[in-house]
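This report covers a ligand site and a pair of packed helices. Look through the sequence and the structure before reading on.

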Amino acid sequence: MNDLIIIGGGPAGVAAGVYAARKQLKTVLLAEELGGQSTVSEGIENWIGTPRISGSELAQSFKTHLEALKGDMVSVELEDRVTNLKKVTDGFVVTTRKGKEYRAKAILVASGAGRRKLAIPGADTFEHKGVTYCASCDGPLFGGMDVVVVGGGNAGFETAAQLLAYAKSVTLIHRHKEFKADPVTVEKVSAHPNMRVITHAEPTEVLGDQFVTGLTYLDKDTNETKKIDAAGIFVEAGVIPNTDFVGDLLSLDEIKRIKVDPRSQRTSIEGVWAAGDCTDELYHQNNIAAGDGVKALEDIYLWIKTR
Ligand SMILES: Cc1cc2nc3c(=O)[nH]c(=O)nc-3n(C[C@H](O)[C@H](O)[C@H](O)COP(=O)(O)OP(=O)(O)OC[C@H]3O[C@@H](n4cnc5c(N)ncnc54)[C@H](O)[C@@H]3O)c2cc1C
C-alpha cells in the first residue's frame, strides 16, 4: 500500500512529487509525460526565477528535479494513462490503460486540462504562428498590433482586458447575441477606446502566409462573410479538464473540473486532493499549478501522519 498516488506530471504533479519525496511519503507518480501543457511553448517568461525558458527545457528541469530527490520513496511511471479511480475500504485503487493497478491511502489528481481548439481551416496551420491559447504567455509579443479574441465568456473578456495593455486594437468575436461573461466586465472592457466587439458571428477561417494576417467570419445577422485584419488570434473557447477517470466519485463543476477547497486543495471525498488546471481554480498558470500541488502535499502529509 502506497501513501500517495499523484496523477499527472505537469507543474502541479511534479511540485507535489518533489514535496512527497522530501516528506518521505511512499508515492507513485503516474503520467503520460513530464512537463505538462506548456511543453510545446517556445518561450516561457513568467516561471518565477527564470527570465526565459523553453517548454522542453522546463520539462527537462522537472525531470532533473524529481530524479535528484525521488530516492526510493517516489516511483515515476510514465507513458500510461489513468482510466479509473475507485474508493476501497482502506484507500483507493487506480487503474491504467496498460491494465496496471496501484493502491494508496491518498490520491492527488493533477491531470490538468486541454484548451478547446478553434476548429476552422487555418487554425492548426497557424498555431504558434499567431493563433494562441494563452494571453498571459503570448500577449506581450503582440505589442502595437491588431488582435482578435474568440470567445465571449469571462475568459474572453479578461483576455481582451490583458491585451488592451499592449495591443493597438482588440476585436472580440462571439457566436451568440448575448455574452456569457458577467455584465460588469463586459461593460468595463467594451468601454476601452481600442476595443471592438462583434456578436452573433461565427469564425470561418484563419488567414495568413507565414504568420496570421486575419480572420474571416460569418455575420449571422446578414449571412455575409466578413474579414478582420489581425496579427494575433487569441482563442478563449473554454478548457476541457482531464477528469474522465474520476467518474462520479468527486464533485465536479458544470464543465467537469474538480471542485476543491482553495485553502487545502481537498475535494469532496476524504483522501482525495486535486491541484492545478483540473480543478475549479480561477486562473491557469504554471506557478499557480505548482503552488496548488505544494499546498495539497502539505495537507496530505498532515492528514496521513495524524489519522
Ligand atoms: C500553449 C500553452 C502555453 C502556455 N504557456 C504558459 C506560460 O508561458 N506561463 C504559464 O504560467 N502558463 C502557461 N500555460 C498554462 C500552463 O501550461 C498550465 O496552467 C499548467 O501546465 C497547468 O499545470 P497542471 O500541472 O495543472 O496540468 P498540465 O500541465 O495540463 O499537466 C497534466 C499532466 O497530467 C497528465 N495526465 C493527463 N491526464 C492523465 C491521465 N488520465 N492519466 C495520467 N496522466 C494524465 C499529463 O500527461 C500531464 O503530465 C500555457 C498553456 C498552453 C496550452
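A crossing of two helices is left-handed if the near helix is turned anticlockwise from the far one by less than a right angle, and right-handed if clockwise. That term comes up in the first section below. The model is predicted.

## Helix packing

Two packed helices are described by the angle between their axes and the distance between the axes. Here the pair is α4, residues 154–163, and α5, residues 183–190. They pack at an angle of about 30°. Their axes lie 10 Å apart.

Angles under 35 degrees count as roughly parallel, so α4 is roughly parallel to α5. The crossing of α4 and α5 is left-handed.

## The shell around the ligand

## Backbone contacts and burial

Which polar backbone atoms lie by ligand oxygens? A polar backbone atom of Asp 277 is 2.8 Å from an oxygen atom of the ligand. For Pro 11, the distance from a polar backbone atom to a ligand oxygen is 3.3 Å. For Ala 113, a backbone N or O atom lies 3.4 Å from an oxygen atom of the ligand.

Taken alone, the ligand exposes 1,000 Å². The protein buries 95% of that area.

Note on methods: Residues are numbered from 1 along each chain as its sequence is written. This is a predicted model: local features need pLDDT of at least 70, side-chain atom pairs count only at pLDDT 80 or more; totals for chains, interfaces and linings use all residues. Side-chain values use heavy atoms; hydrogens and water are left out. A polar contact is a pair of N or O atoms within 3.5 Å; within protein, one must be able to donate a hydrogen and the other to accept it, and residues adjacent in sequence count only if both atoms are side-chain atoms. Accessible areas come from the Shrake-Rupley method with a 1.4 Å probe; for residues, only the protein chains shown count as cover. Axes are lines fitted to C-alpha atoms, for helices over the stretch in contact, and angles run from 0 to 180 degrees between N-to-C directions. Helices (H or I, at least four residues) and strands (E, at least two) are DSSP runs, numbered from the N terminus. Angles under 35 degrees count as roughly parallel, over 145 as roughly antiparallel, 65 to 115 as roughly perpendicular and the rest as oblique.
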